[in-house]
Amino acid sequence: MDVVIVDRLQFAFTVMFHYLFPIGTLGLGPFIAWYVYRASRGDAQADSIARFLTKIFTFNFAAGVVTGIPMEFQFGTNWATFSAKSGSVVGQPLAMEGMYAFFLESVFLGILLYGKQRVSSRWYVASAFCVWIGSWISGYFIVAANAWMQHPVGYHATPEGTIVLDDIAAVLLSPFAFWQFTHVIVSAAVAGGFILAGIGSYYVLARRDEPIGRRFVRAGAIVAFVASCLVIFPTGDRNGHDVTVYQPVKLAAMEGLFETTRGAPLAIIGMPDVAHKTLIDPIFVPRFLSFLAYGNFDANVDGLTNYATVLWPPVELTYYAYHVMVGLGTIFLAASGLAVLLLLLKRLYTTRAILWILMLLMPFPYIAIESGWITSEVGRQPWIIYGVMRTSEGVSANVGSGEVLFTLIGFLGMYFVLGVTYLYLVLREIGLGPAHE
């Protein structure tokens with residue numbers, strides 16, 4: 001098997017598994033800070049909620065740390081050429097993430113877990129906000145490193161091919177990084193909202209811990225609805241604009257657009273047929289892709305055939321991942337919007353159908369976010385650094401496909417055990433309930 005394929009499979013598996021846990025910490029951090037603040041104002045119920053959510057946050061944090069470490073090693077073992085040539089750029093935000101954000105998050109998480117009787121109320125509340133802010137800053141540094149690979153800035157290349165950092169501010173403050181990060185954050189907020197609403201719905205439907213369950217449903221539905229709106233606009237719109245400007249071939253793959261078209265339609269559904277360069281059984285919204293890409297219904301949108309086929313990303317995977325993300329996002333907006341409407345009508349807690357929907361939707365934000373990651377990363381191919389270094393040029397020269405496949409099998413086994421353990425701990429905590437705290 002081609003070593004590049006196996007290297008990509010291993011990294012894709014480890015990063016997608018790892019990504020499940022930061023989604024939880026990014027999404028739950030603001031809720032914990034809010035309930036800790038409310039508890040400091042004398043809300044006893046909020047105190048139980050904060051301790052309950054902090055435990056679930058901690059399970060996510062611990063699993064995220066454990067699964068993140070192998071990814072760091074893979075840069076040296078499987079992607080040594082990429083690391084050697086671009087480490088002076090990519091290494092900077094990753095080092096900052098470890099030095100600043102990770103320590104901020106982990107130190108204050110310790111206070112949040114064990115320091116309530118040892119620090120003042122103000123320090124305890126500040127610790128909750130530091131955990132929240134630390135998790136988001138951590139996300140920013142990682143997204144900044146990825147955004148540089150999507151749209152490299154602030155560097156120059158030597159004649160030997162080594163990439164040298166010129167301007168760290170350009171890397172950290174890249175507009176591409178800003179909109180990618182805000183899109184990631186509001187997506188995690190959607191997940192956090194549905195986690196809370198789903199757990200609360202379970203309690204209301206099971207007729208246990210109902211007062212807390214109702215608070216969960218109310219807060220989760222409102223946050224999920226607001227965040228679902230922000231996912232679409234401005235973050236999704238601006239992130240899409242960056243893709244249009246800097247990675248037009250990715251946009252064409254996302255939409256299954258093979259021919260350059262003036263007044264390009266938006267594909268709602270359809271099956272890309274790469275061999276015949278067409279979409280099978282499509283349903284289009286006429287001229288809407290031109291409007292979304294350029295704000296003009298008559299704008300010209302480049303199709304895939306405008307580029308050499310060696311520059312095409314895997315079209316089918318990019319197209320389907322993108323449409324899964326968008327389709328689920330539409331469902332999230334509709335479900336959370338209906339929940340908020342029923343809340344305003346004072347019928348949210350008695351309409352069992354919407355409670356079932358909110359509970360069953362809990363895992364789907366994870367699927368949508370992972371699909372977004374696939375769209376972003378697979379759509380960047382064949383580049384590991386867009387327009388600068390091909391993925392095939394970044395692999396280690398002295399590591400064979402058999403060795404990578406062996407370790408991939410090892411990761412599959414270890415992560416299965418870790419995943420089962422994580423689910424057991426989280427489900428046990430939900431089973432015990434916030435009143436247990």
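User: Which residues does Phe216 touch, not counting those up to four places away in sequence?

Analyst: Contact means heavy atoms within 4.5 Å. By that test, Phe216 touches Ile49, Phe52, Leu53, Leu196, Ala197, Ile199, Gly200, Tyr203 and Pro434. This is a predicted model: local features need pLDDT of at least 70, side-chain atom pairs count only at pLDDT 80 or more, and totals for chains, interfaces and linings use all residues. Residues are numbered from 1 along each chain as its sequence is written, and side-chain values use heavy atoms, without hydrogens and water.

User: What makes a set of residues a nonpolar core, and which residues have the most contacts inside the largest one?

Analyst: Such a core is a set of buried Ala, Val, Leu, Ile, Met, Phe, Trp, Tyr and Cys residues joined through side-chain atoms within 4.5 Å. Buried means under 20% relative accessible area, exposed over 50%, and partly exposed in between, with a 1.4 Å probe and protein chains only. The largest core has 64 residues, and Tyr35, Leu53 and Phe216 have the most contacts inside it. Helix α1 (residues 3-40) gives the most to this core, with 13 residues. A second core of 26 residues is separate; among its members are Ala221, Ala335, Tyr349 and Ile354.

User: How do you know how many helices and strands to count?

Analyst: They are DSSP runs numbered from the N terminus: H or I with at least four residues for helices, E with at least two for strands. On that basis the chain has 13 helices and eight strands.

User: Why is the chain called as compact as a globular protein of its length?

Analyst: The globule rule is 2.2 Å times the number of residues to the power 0.38, and the radius of gyration is taken over C-alpha atoms. For 437 residues the rule gives 22 Å, and the chain comes to 23 Å, which is close, so the description holds. Its C-alpha trace spans about 65 × 50 × 40 Å along the principal axes, and 50% of the residues count as buried.

User: What makes helix α8 count as mostly covered?

Analyst: Eight of the eight residues in α8 (248-255) are buried. Just after α8, Gly256 takes a positive phi of about 65 degrees.

User: And why is Asp167 called partly exposed?

Analyst: Its relative accessible area is 35%, so Asp167 falls in the partly exposed class. Asp167 sits in the loop between β2 (163-165) and α5 (168-172). Gly154 is 13 residues from Asp167 in sequence and 4.7 Å from it in space, C-alpha to C-alpha.
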